Structure formats: C-alpha cells, structure tokens
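Hi,

Here is the structure I promised to pass on to you. Have a look at it first, and then read on for my notes.

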Amino acid sequence: MTNNTKNEVIIFNPKSADVKYRIPNSVIQVAASIDGDYEWLIIDGNREKEPLEKILASITPHTKYVGLSVMPGPQLKQAIPFSKIIKQKFPHITIVWGGYFASNQYKAVLESGFVDFVINGPGDYAFPELLHALDNNLPYYDIKNLIYVKDNEIVKTQKAELVNYDDLKPMPYAKFDTMYSVEKYLVKTYLGKRTFGYHSSFGCPFTCSFCAVVPIYNAKWKGMSAANIYKDILYVKNKWGIDSVEFHDNNFYVSEKRVIEFSNLIKNDNIVWWGEGRIDTINKYKDETLALMREAGCKMIFFGAETGNDEVLKKMDKGGTQTGKQIIEFAARMKKFDIIPEYSFVLGTPADTPEEVMKQIDFDIAFIKKIKEVNPDTEIIIYVYSPVPTEGSDMYEKVLASGFRFPQKLEDWLSNEWENFDLRKNPLTPWLTPQMIDKIKNFETVLNGYYPTVSDIRLKPYQRKLIKAWSGLRYKSNLFHYPYEIKALQKIWSYRQPEIQGF
Ligand code: B12
Ligand code: SF4
C-alpha cells in the first residue's frame, strides 16, 4: 500500500517492548491531528522486523515530514540512529520529535543537528500548525508548544493552555487498522484476555519533584468527558471485542465526578479496567464511589506511594495530603472494596550523608513489609530514584549539587548505563553506593519471591508456591543478601517485572 500513497507525513513509533506491545496511542493521536489535511502513514517499530528499511522504503517524493514519538529508554535506540540516517539521506525532510524524552531533554535533541523541531507537550494543535506554517513559508515563533534552534539559540515558544480533549478529532483507529491490525495490540493481562490501552486526560494537578510529567504540564490536568470515553471504549469493544482497558493517563482519577459517571456508563458492559491514581485523592472518594467502581470493573489501581517517610514525601513535593500512615490505612480500605492497590515506591532519594540515604532505604523496606501485613494483596513495585529535570525543585537542586549531570550529547543516551538509568534500574547518581543498590535489588527479589505478583499470569500455582516458601525464610528473617537461588527460579520461570515491562 505504501507505493500508491503519498505518505506526506510519516509518523514513527520506535520499538518500546519486545512482547505485548500496547497500541501506540501517542502516534495515533498525532495522526488524528493532521487527518484529512495530510496523507499520513504510521510505522510501528514494535511491529516491524526492519523498521528503518520500512521507513526508507515508504519515503516518496511527497514526503516532507517524519515525526517520531520518543520516551526515555529503549525507544532511543531506534529514534536516534534512524533520525540521523533519514536526515543524511533526505536533508530536505523536516524531522520532528515529540513525547516525554523530547520535551524534557530538548537541548540534547536539538543540538544533535538532525532533529529540526521538538513538540513540547501535547502536539494536537502544535503539529498541524507547524506543518501549515512550513508549507506556506509562514513564521512559527507564535506557535505554542514548540522548541527549535534559530541563529544557534534554542527558542522555546509559549506553552499552550491544556487541550480540550472532547474537541479533538477522533482517534483514527480504523485507518490505523489498515496499517497494523488493532487485533494484535489486544494483549493478555491480569485484567483480561483482550486488554486495550486508552488515554483520556492530559497532565496531572500535582508537582512531585521526581516526576517527568511536571515540567511538561506544570500542575495542570484536563480530562475527556466520561461520555466520550465510554463512546470510544464501546466502539473498540464492538469492533474488536476487547474485555478490559488499561487507562494510560498519568492520573485517571483526578475527578471523582468523572469516575462516577464513567462507572455508571460502563458497569453493564463487562469490561475490567485499571488506571493510575493518587492515594490522597482516592482516599477522599466516598465508600459508595469505591463500591461502584469495583462493580463497574475497576479491579486494580496503580498508586505512587513513593515512600512511607513523611519528611521525604515533603522533599519529593508529593503535594496533597499523602502521609505514611495514610498509605497503610488506604491499603486496608482498598481490601474492603476488593480493589487491588498497586503501590510504587521510589527508593534511593538523595540525602545529606550516605548514612541517611541507607537509613531511608531500611525504613522503606520495613514500611513495605508493614503494608504487606495489612493487605498482602497489595502489589509492590520498586523503582530506584532517577532524577528528572524539574528545574527549581529542592530535590533537583540536591541532585545537581551532588555533581550529577544528564548527558549533553544525544548519542550519549545510547550507552547501556543511560538506558538503565531510564529504566530506573541503576541510576548513575553519585549518592547511591553499590551496597545501597544491592540492598534495594535484593529486597525486591525476596519480596517478589515471597509475594509473586498477581499480574504475573504466567506463573503456575505450584511455581508460585515453591518460590513463596523458599523466599519466606529470607523475608521473615530479613536475610536479603545474595538471593541467587530465588533469582534463578524467577529466571527459569521468567518472572514478569512490571517496572520494566510496563504496567
Ligand atoms: C503506554 C506507555 C508505555 C508503553 C509503550 C507505548 C508505545 N509508545 O509503544 C510501554 C508500556 C512499553 C512503556 C514503557 C516505558 N515507559 Co512509558 N508510558 C506509557 C504511557 C502510560 C502512555 C503513553 C501514551 O500513549 N500517551 C497518550 C498520548 C496521546 O500522549 P503523549 O504520549 O504524551 O503524546 C502527546 C504529546 O506528547 C505529543 N507527542 C508525542 N509523541 C509525538 C510525536 C510527534 C511527531 C509529535 C508531533 C507529537 C508527539 O503529542 C501527543 C498528542 O498530544 C505514558 C504516560 C502518559 N500518560 O503519557 C508513559 C510514559 C511516557 N512512560 C514513561 C517511561 C519512563 C517508560 C519507561 C522508559 C520506563 C518505565 N519503567 O515505565 C518504559 C520503557 C520500557 C521500554 N521497553 O521501552 C514515562 C516517561 C517519563 C520520563 N522520564 O520522561 C511516562 C510519562 C510515564 C511516567 N509518568 O513516568 N510506556
Ligand atoms: S501525582 Fe503522579 S503523575 Fe502527578 S506529579 Fe506526582 S508522580 Fe507525577
């Protein structure tokens, strides 16, 4: 099909997962923004054996723009070299990057010389406006959410008000289906056999200083109406037979009213759903709302618990009213409603002395064990703190004071060390010693052994039992050193790590 079409705009989603790739909503939404105005083609790196060849073969004399969606980590492995090659072979093509990495690391991206524009945050208006300006030789300094280089200086245009989701053009799923079968993106998860990914709001009203959403959305949030979410979900259900939905919003549960409306709409459709939320937000929900959500299919919710230490929560600028006590009590409350809380923790935040860093790690290990006592079904996900450039925040000031610096050159992000940094597995942060990293990792191994995650649908019951019994000995006596035997079992039975594989 690529031979007969103009492919005026090619939008590339670099490979982000080896298996169970999610529907690439970022690039589909970008395509929606130009649908009807340009002939576009999406190429999904997750679905191509030779994605670069496919891009090069799809470029026609009409192709003027190649857009890439880039988040940190493995997507860079294709985004960087492919952009460079496209620019070398087709210097007249304008290369545009969008996505979280592009927006947060725009300096390195633009200084590479092979990316022409960065879309800073939502591209729903910025992208079509940019193409229109370039096509008509118009100035683009007044287009919001744009970053580019002019006279060797980086120019950042004004940030736009948050997009009204309900006003956007519909997601062109049916057209995308002619490029890649949507069917193949329906993955088997803990939620169901045919889980679909959907995104229904921009931003987040909070300012956690470790979070990459903050520099882009500056504590703003705006969501689609419940009626439109429902309309889309129903369309996908009727067309592709989905049985469950992962809401990919940064914070799906900001508005209780929206959640109630959506729950009432979806409750008879037999759809199981999941999303990310805040403990202090949902703790304010009424009991009836929580019961309704469960009845409507909300089986599990992801929460950034971060730490049980109130001082550190403050330093993280977690905002709201979250406290250690609340985190524990909330886990118990969720149990009553049969909704599994998935708590993510960020260990290894900077402190004044190495002793304090270690003390904090020990504190959180004990805290996590307490949560498991209160509600053993709570899923725990552990990240090692990786800085994000939230300029002006206390935490980031501490990070800079420690001597930490992000790579200056785009291609430096391709090293293994920086990939591990992106995956929040082994950050190159000066205040974390190998012993600290080992302690975190070893505890995680023993914890995952003693409480195998329910979302790991591949572990057979007897495997679960065996790992649990063995790890229990270590867990109960706090013997976390060198848990090689648990690691070996997990490797043989390919244990799933939600913190790397997503969700
Ligand atoms: C789905 C998802 C994934 C999927 C992959 C999706 C894909 N592209 O194939 C999976 C599960 C594989 C994944 C993995 C990871 N992810 Co991820 N992911 C998401 C999630 C939840 C939704 C993305 C999405 O579809 N958004 C919907 C679209 C509409 O919004 P959008 O992406 O922002 O797109 C808009 C603009 O950014 C812009 N835009 C984006 N791309 C482009 C491209 C062009 C050309 C233009 C013009 C504009 C543009 O316009 C779009 C429309 O307005 C986001 C959180 C979020 N809510 O966005 C995290 C998120 C992007 N992921 C994140 C991270 C860190 C990762 C990981 C690197 C690490 C991890 N532990 O999760 C891994 C990488 C692992 C790997 N193997 O690659 C972070 C990035 C934070 C940061 N530090 O920059 C986010 C923000 C989550 C978070 N809050 O921490 N992820
Ligand atoms: S609540 Fe979550 S998404 Fe919002 S700023 Fe904090 S960590 Fe980021």
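Predicted model: local features only at pLDDT ≥ 70, side-chain atom pairs only at ≥ 80, totals over all residues.

Start with the protein chain as a whole. Its domain assignment gives domain 1, covering 9-156, and domain 2, covering 186-432. If you take the C-alpha centres of domain 1 and domain 2, they lie 27 Å apart. The two domains touch, with 19 residues of domain 1 and 23 residues of domain 2 taking part in the contact. Which elements give two or more residues to the domain 1 side? They are α3 (75-89), α4 (100-104) and α5 (106-111). On that side of domain 1, the residues that touch domain 2 are nine nonpolar, seven polar and three charged.

**Around ligand 2**

Next, find ligand 2 in the viewer. The residues surrounding ligand 2 are C204, F206, T207, C208, C211, V213, V214, N250, N251, R278 and G304. Sorted by class, this shell holds six nonpolar residues, four polar ones and one charged one.

I looked at how α20 packs with two other helices.

Where they pass, the crossing is left-handed. On the α18 side, the contact is made by T445, V446 and G449, while α20 brings I486, K487 and Q490. By class, the residues of this contact are two nonpolar, three polar and one charged.

The other partner is helix α19, residues 461-476. How do α19 and α20 run relative to each other, roughly parallel or roughly antiparallel? Their axes come within 10 Å and cross at roughly 165°. An angle over 145 degrees counts as roughly antiparallel, so α19 is roughly antiparallel to α20. The crossing of α19 and α20 is left-handed. Here I467, W470 and S471 of α19 meet E485, I486, L489 and Q490 of α20. The residues of this contact divide into four nonpolar, two polar and one charged.

Enjoy exploring, and write back with any questions!

Best wishes

Notes:
Residues numbered from 1 in each chain as written. Chains lettered and ligands numbered in written order. Left-handed = near helix turned anticlockwise from the far one by under 90°. Helix = DSSP H or I, 4+ residues; strand = E, 2+ residues; numbered from the N terminus. Contact = placed C-beta atoms within 7 Å. Nonpolar A, V, L, I, M, F, W, Y, C, P; charged D, E, K, R; others polar. Near = placed C-beta within 6 Å. Domains from an automatic or database assignment. Axes fitted to C-alpha atoms, helices over the stretch in contact; angles between N-to-C directions. Parallel < 35°, antiparallel > 145°, perpendicular 65-115°, else oblique.
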